[in-house]
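The points begin with the interface and then turn to a single chain.

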2 protein chains.
Amino acid sequence: MNTPSFRNWQSVQDEVLRRIHAREWAPGDLIPNEADLAIEFGCARSTVNRALRSLAESGLLDRKRKVGTRVAAQPVAKATLDIAVIRHEVEEHGAKYGYQLIARDIAIPPLSVSGAMKTKADDKLLHVRALHLADDEAYAIEDRWINIRVVPDAEAEMFQSVSANEWLMKHAPYTHGEIAFSAAQASTGDAEIMGVAENSALFAIDRLTWDSAASVTKVRLLFTPGYQLRTGL
Amino acid sequence: MNTPSFRNWQSVQDEVLRRIHAREWAPGDLIPNEADLAIEFGCARSTVNRALRSLAESGLLDRKRKVGTRVAAQPVAKATLDIAVIRHEVEEHGAKYGYQLIARDIAIPPLSVSGAMKTKADDKLLHVRALHLADDEAYAIEDRWINIRVVPDAEAEMFQSVSANEWLMKHAPYTHGEIAFSAAQASTGDAEIMGVAENSALFAIDRLTWDSAASVTKVRLLFTPGYQLRTGL
DNA sequence: AATGTTTTTATGTGCGTACATAATAACATG
DNA sequence: CATGTTATTATGTACGCACATAAAAACATT
């Protein structure tokens, strides 16, 4: 067997993928070590390392020091979702973006919110509710609480024409966050705003972002029926 | 200012993150080039490269040859979801996993399925419907079509005790796939099987996987109300 | 047999150099 | 002036070496 010499990490990766896929290396199998592969492929070990590391990151390989590299038995499919600003999402679909502020006030949030955001139960937060439109039709309802202790500038912003969704992206950095996807039934009020049947199944995204130890904002986005969040595998 | 010498790529990354977060490098800003940063940090350029490349992969930096590296203006939040085998998902919640086959037959699928799977309209596919349980309660309904031309072994498998979800992971490799998340209303039949109210809002995952140019399987998973798919940011 | 210690081994990472490549800027040419 | 050509520059990556580190295996000790 001649070795056609794999000079770059991508081609090494492709060859590894081919072998996994052709079942030359079956799920659970231990594959040769980096040094041996480097010799076989006619490249440096670091090149093999780059290829395998990247495959491990995407969940296709399991690597352990001293033990070796094995093909993942249960290739946990890792789907990476790009959560963009809603305006961009709409415009990328080729639709005209629209925005309407529904309500804006500073109030003491329900305990579920102050609890999740770890603010004091009697701390006032900025509460913004808005509607995002695509081609003049309801696209998503945004219900957001903003920690004005962390983002004091938000108090001066009326969110009449710029959505909190977009404003915060620019003005409030965050260190980490949590995101959850679920399905929810449209409440009477939401159904009316969106112009859909009551109890429609809505796609919901709940996001909570943090700046170090302090919560920045908590938002729930409810999308009109038919909305799909898609990605490749 | 003394430079405390950043010896490994992680600490370089942390320092870069700190500067971005502290707005020393604001969104949209061009940051110093790798060579300069390497000098400043007292490490090799390759170490800086590793740190910046990784940040670019996670969407926080935009890099272009010759142009340089800039802090992403709209840090597109990339959420990576781990889509595991349902049994594992259930067991990780500390619940007892259960499985029930609802139906299994070989039939001509509706056009929506043969169209998406790019099989001939009169090609027969293996159709499996099953219920996944957690602590003896309905967890998710699986409705799956399998391309028996691509996975002939599936024809001999009855899926009485092993779910197609799990069996395919082991026996049918795929090269790529698409996944979509949405919300759906429970049909009368599904509601009855799951023991939930009709028209409940269910979380739906649709997945279509390919082996090169041939479709392997198309599946829709409907989760009982309350289900959440979560991850960090 | 149970426990602690040392060796071995495969991955993880750092370094410095070299060259490849994309995109821009500077320059030349009709 | 418009257009084509050539430098310049920052990232991208390959290479070979060195050493760090985790984990298992081999060995020694009680």
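1. Extent of the interface. About 4,200 Å² is buried between chain B and chain A, and carbon and sulfur atoms give 56% of that area. On the side of chain B, the residues that lose the most area to chain A are H21(B), Q74(B) and L233(B), which together account for 15% of what that side buries. The contact involves 51 residues from chain A and 52 residues from chain B. It should be kept in mind throughout that this is a predicted model.

2. Elements on the side of chain B. The elements of chain B that give two or more residues to the side touching chain A are the helices α3 (45–57) and α6 (164–171), together with the strands β4 (77–83), β8 (176–185), β9 (201–211) and β11 (228–232). The largest share of that side, 10 residues, is supplied by β8(B). By residue class, the side of chain B that touches chain A comprises 23 nonpolar, 17 polar and 12 charged residues.

3. Strand pairing between the chains. Which strand of chain A pairs with β11(B), and in what sense? The partner is strand β8 (residues 176–185) of chain A, and the pairing is antiparallel over five bridges. Within this arrangement, G232(B) in β11(B) stands opposite E178(A).

4. Overall form of chain A. Chain A contains 11 strands and seven helices. Its radius of gyration is 24 Å, well over the 17 Å that the globule rule gives for 233 residues, so chain A is more spread out than a compact globule. The C-alpha trace of chain A spans about 70 × 35 × 25 Å along its principal axes.

5. Salt bridges. Over all chains, the count by this rule comes to 28 salt bridges. One of interest is formed by R63(A) with E34(A), whose closest N and O atoms are 2.7 Å apart. Because R63(A) lies in strand β2 (residues 61–64) of chain A and E34(A) in helix α2 (residues 34–41) of chain A, the pair ties together parts that are 29 residues apart in sequence.

Notes. Residues numbered from 1 in each chain as written. Chains lettered and ligands numbered in written order. Predicted model: local features only at pLDDT ≥ 70, side-chain atom pairs only at ≥ 80, totals over all residues. Heavy atoms only, no water. Contact = heavy atoms within 4.5 Å. Buried area = accessible area lost by both parts, 1.4 Å probe. Helix = DSSP H or I, 4+ residues; strand = E, 2+ residues; numbered from the N terminus. Nonpolar A, V, L, I, M, F, W, Y, C, P; charged D, E, K, R; others polar. Pairing = 2+ DSSP bridges. Rg over C-alpha atoms; globule rule 2.2 N^0.38 Å. Salt bridge = Lys/Arg side-chain N within 4 Å of Asp/Glu carboxyl O.
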